[in-house]
Amino acid sequence: MGFDLGLIIALALAAAASMSDFLRIPKKLRGWVAMVLILGLYMVNQWIYSPGFDWRIALLEGGTAALAAVGIHSTAKNTMQQVTLLRKRNAQSSPPAKEQGETAASPGSTSADWRV
């Protein structure tokens, strides 16, 4: 019996949106959540309902379905955009570099003054 692959994809895509909101995953990275859910649900479905379960075939078929449903190009593009955005944020929020002549702590300041 088992579930149809289309049903697994539909359930995984709907669950990915809810899980991403709950886990506060950025919108650009939600494709990965959907891919993991599709792959996991398909493998569990095959394990339970397939009499001759072969994990390699289930992994290949589930991965293919996940990549086709989410989209290889857009997921990779969105991931690269998110990584670039995070790098820019980290570069802007990093503390200024110390100059060579400075001491560890100036009189009247604490070591936590650079944190704002």
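Author: Let us begin with a definition: the expected span of a helix is 1.5 Å times one less than its number of residues. The model discussed here is a predicted one.

Reader: How far apart are the end C-alpha atoms of α4?

Author: Helix α4 has 22 residues, so at 1.5 Å a residue it should span 32 Å. The distance in the model agrees with this expectation: the end C-alpha atoms are apart by 32 Å.

Reader: Is N78 buried or exposed?

Author: N78 lies in helix α4, which comprises residues 72-93. A residue counts as buried when its relative accessible area is under 20%. The relative accessible area of N78 is 19%, and therefore N78 is buried.

Reader: What arc do the buried residues of α4 cover around the axis?

Author: The buried residues of α4 are T75, N78, T79 and Q82. They lie on the same side of α4, because around the axis they cover an arc of only 100°.

Reader: Against which helices do the buried residues of α4 pack?

Author: The face of α4 turned away from its buried side carries exposed residues, including H73, M80 and R87. The buried residues of α4, for their part, pack against α2 (30-49) and α3 (55-70).

Reader: How many residues of the contact of α2 with α3 are nonpolar?

Author: The axes of α2 and α3 are 8 Å apart, and the two helices pack at an angle of about 145°. Among the residues that make the contact are I38 and L39 of α2 and W55 and L67 of α3. Of the residues in this contact, one is charged, four are polar and the nonpolar ones number 14.

Notes: Residues numbered from 1 in each chain as written. Predicted model: local features only at pLDDT ≥ 70, side-chain atom pairs only at ≥ 80, totals over all residues. Heavy atoms only, no water. Helix = DSSP H or I, 4+ residues; strand = E, 2+ residues; numbered from the N terminus. Buried < 20%, exposed > 50% of the residue type's maximum accessible area, 1.4 Å probe, protein only. Arc of directions from axis to C-beta. Contact = heavy atoms within 4.5 Å. Axes fitted to C-alpha atoms, helices over the stretch in contact; angles between N-to-C directions. Nonpolar A, V, L, I, M, F, W, Y, C, P; charged D, E, K, R; others polar.
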